[in-house]
Amino acid sequence: MATLTMQDVTKQFGRKVIAVKEFNLEVQDQEFLVLLGPSGCGKTTAMRMVAGLEEVTNGRILIGDRDVTDLPPRNRNVSMIFQNYAVWPHMTVFDNIGFALKLKKMPKDEIEKTVKEVAGMTNIDMLLERYPSQLSGGQQQRVAVARAIAVYPEIFLMDEPLSNLDAKLRVSMRTELKAIHDKTEATTVFVTHDQSEAMSMADRIVIMKDGEVIQVGSPDDVYHRSASIFVADFIGTPPTNFLEVDVKSENGDYRLVNPHVDFKPESHISESLRDYDKKNLILGIRPENIVLTNQKDAVLSAECLVSEPQGSHQVVAIQLDQQYIKVIASAQPKINPGETVHLAFKQDTLRLFDPETTLAIGD
Amino acid sequence: MAVAIGNKSFRNVWSKAIPYLLILPVVVYYALFWVRPVLKTVFESFRDTAGQFTLQNYAMVFSDPDFIPAVRNTAIIVVFSVTLEFLAALFLAILINRKFVGSSFFLFVAMVPMALPAVAVGAMWLTGLTAHGWLNSLLFYLGVSKKIYWLAGSEWALLAIIIIIDAWQVIPSVMIILLAGLQNIPVEAEEAGYVFGGNFITVLRKITIPMLQSTIQTAVILRLISAIQIWLIMVLLMGFNRLPVLVERIVYYHEEVPGLDISFQMASGYTIIVSVIVSIAALLYLKVSGAFGGNQEARQ
Amino acid sequence: MIKKKPTSLAKIIKSTIFYLFVTTLGVGILLPAFFLVSLSFLSTREAYQFPLPLLPALSAKYSLTFGDRGYLLSVYDDFDDEYQTVLDTAELEKMSVYMRSQIGAPYDIPDIEDRIAELESGTDPVYFKARKNLLLNYDLFFKVTRDAVPALIRSLQIAGMTIVISLSIGGMAGYAFARYVFIGRDALKFSVLFVRMFPGVAIALPMVIILANMGFYDQPIGLSLVYSVGSIALTVWITASIFMGIPESLEEAAQVFGATKFQAFLKITFPLALPGLAAAAMYAFLGAWNETVSAIILTQFNPTFAVVVYQTLLGAVGHVNLAAAGGLAMAIPSVIFTFFIRRYINQMWGGVTV
């Protein structure tokens, strides 16, 4: 087991394309770290550099105290689960799992013992003699996992391993992968573009965009204390609602004003509004933090456009100018389109963003 | 540290060089055995025996009494056989376009004529077209007792025979290609045509054939290229000189009149003419197939 | 229910017509091939009958009686349904040779003597049967045709060398195309496609001198060097598509799990590519085996099998059945290999994209 350190790692393709830019990261021993971002954000490239499958243009990668930057993949003591599983079709399950061990010249009986052990952990011990073509997608996935565990790596890399599974299997595999991580205690880097996957599995999440790290933090951090508009928008379903507001001062009090709302935020925010007097800000609030209330306490009143029942709750959408605001409300009473709803904000959850830098203010 | 850096740059250079090392043999091979001979032919064609620049060689080819007939015959064969083969193959492909029991066997059978070596095809028709051959025998069994002297007809009759033989050899294959193309067209595209009021003919004309366009272009141009090079069947059936075509002239001058000083020049001259024509067709094909258009499938 | 019946009848008629049509087409395609096969098994006597028998006889029925010059040998003719006299001789040797080579149904001299004894003892005429030697034409073709066997060996050598050259050189480039982005990729792809269509005869002629200078003229290696030009182009195309079909991540996984780049290729990609590589090899074989023009130009005393068959056909007026046997011997490997690579041939012809 080991830590993983990436120092100023940059990857450039050709002359122009910078896939990863000055990437700095420290992954703790036994941590389950998720690299999260939209496709093309450089998360997979970053992971492939850790594996040694992509050369590093600049910077250092250390596993424990070892500088592995220039080592070929086989000497890094990492293992990897690939997005398409990359299970070798011409080898049996047993040979797939035992491949690395055989290359290490491990004695035969020991290979057999290890393979059986990891196959047991992943529930494929009945399939060892089969070929991948005789397995379902989920079973192939397990073979890939077993193969990766069998080498007892220092770093465990997972490149969107669940994205090819159907929705139901994906959720159950999440639990299993997490359980396996707890058992093996291997430092894990997990790449995904699925924010709910990231939220449910990660000890820490690294959110990337355009090759750069936007925010690093626990799932709670990135959800509740999103560092930028991008993060607030990317994390959560439905995503954060955004409202453009002007800051107005009125006898020392600051108010947030736009054609639809005009309210005085709680004091903890007021502090940070001082620098933005008479300026423009973006207000971010998550759908579950908008509450239905009576007319008197309402910050915002509007007509319901549609309401989407979800069983446990309903998502109420209202339209303000060109923009939709979504609200998560309890399932009862049911709100019908056309009905006027009165809304209030949970003040302590408000996030304010600078429209120029898109970064959150007041942290 | 210095060692590490040295290592890194070595690894870097090495992995960058891999693709070039992999293609180096092809490049060298083509330089030696393709570019060199081609350039040599072109170069030699402008030199006389003393090594001076001359256009004499071409003049000689153009004044060969069989030159015009050879060009004409080749052109006739190319135009007629490609057109006939294409239309017949398209017709058959549309008729057969569905899955059926034994379809894979049928498709293999259809591939056989094209796969046969030219000499085997020659043997087939040589034994068929003689007066006592199997074709007359077959006709006899079918009730036509008069022997037909297939190979004694006019030049036009001979051309027709060549075109028919070529059609036998090629139609099945072109049909397979078009079938494959037809089966690649999503069913929904045609169904949509019917849903929006098209009948069989309009759907065929407005949807199926346009969607088949690239397959058709490939098939036609590749066929064109091989039709230009037909020769062996004629020589086997009719001997040299009877129905001259371009490639037949090359072999004729090289093999049949090797004693003459000029035979190599004549053969080379015809070679260049064939090469130029085929190259134009090939370039046309590459243009149509989009080979000029960058690498669409480059690694991500 | 009632309404359904007529439609299903129409369906049956429709599908019957369809199958009749497809069968007719298949028969039409195979007809010349059928006659070539049949002809290659006919005896010389059968081959010069008109009409030609549709199928070779499996045995010959002979009859023997007294003749002017000795004994009268007759052979039963299926078509005319009668015995036809073919020989009148007292020389048993001549009779036996005739039976072996012309009728193709050999009968030994001692056996003939036995039949004559029967005849002398009063049975007149004597009827007897002999089994036909169906492979006689093939036997004769290889014995009679000067050079057929060495030419066959040469052709196999040439095909073998062409496979080795084009698979090694073309396979490497195919791998480069499938896995790497490099400068000149488009140019090379273009030239490979172009060379594939370039007429082989255009290279053959100047190669006469080039090969002569190398000492390879009229040698198998010389021809395989020429054939490899076209066949490398094909191999690049085929292998590139094979390697593209093998996900790179399989190799990467092997590297992560302890293999070097080369090991990863050898243990993962290569075994997976084998069937495709075999197809490429068969393609190269077909190209070398079927080719005639370059072989005519580039050989003199050491022709290839195709050239030998070609020459036999040119002078075949007297031996149609032998010519058929030669042509068929040529065709058999082609048909077999085509069967194995039919999938690739289809791809090849329908929209080619490397």
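Helices (H or I, at least four residues) and strands (E, at least two) are DSSP runs, numbered from the N terminus. The structure is a predicted model, in which local features need pLDDT of at least 70, side-chain atom pairs count only at pLDDT 80 or more, and totals for chains, interfaces and linings use all residues. Residues are numbered from 1 along each chain as its sequence is written, while chains are lettered from A and ligands numbered from 1 in the order in which they are written.

In chain A, six strands form an open sheet with mixed pairing, in the order β6-β7-β8-β3-β9-β10, where two strands are taken to pair if DSSP finds at least two bridges between them. The edges of this sheet are formed by β6 (78-81) and β10 (212-217) of chain A, each of which pairs on one side only. From one strand to the next the twist averages 20°, with axes defined as lines fitted to C-alpha atoms, for helices over the stretch in contact, and angles running from 0 to 180 degrees between N-to-C directions. Strand β6(A) runs parallel to β7 (residues 155-159) of chain A and is joined to that strand by four bridges; within this pairing, M80(A) has L157(A) in β7(A) as its bridge partner. Helix α4 (residues 137-150) of chain A packs on the sheet, where it touches β6 and β7 of chain A, and its direction makes about 175° with that of β6(A); here, two residues are in contact if their C-beta atoms, placed from the backbone, lie within 7 Å.

Backbone geometry was then examined. Most residues other than glycine have a negative phi, and most peptide bonds are trans. In strand β2 (residues 17-27) of chain A, however, E22(A) is found with a positive phi near 40°, although this residue is not a glycine. E22(A) counts as partly exposed because it has 15 C-beta neighbours inside 10 Å, given that a residue is buried if 20 or more other C-beta atoms lie within 10 Å of its own, exposed if 12 or fewer, and partly exposed in between, with C-beta atoms placed from the backbone. E185(A), also not a glycine, has a positive phi of about 55° and is placed in the loop between α5 (167-184) and β8 (187-192) of chain A. With 12 other C-beta atoms within 10 Å, E185(A) is exposed.

Cis peptide bonds occur in chains A and C. One joins Q332(A) and P333(A), with omega about -5°, and P333(A) lies in the loop between β18 (323-330) and β19 (340-345) of chain A. Another joins F50(C) and P51(C), with omega about -10°, and P51(C) is found in the loop between α2 (44-47) and β1 (59-66) of chain C.
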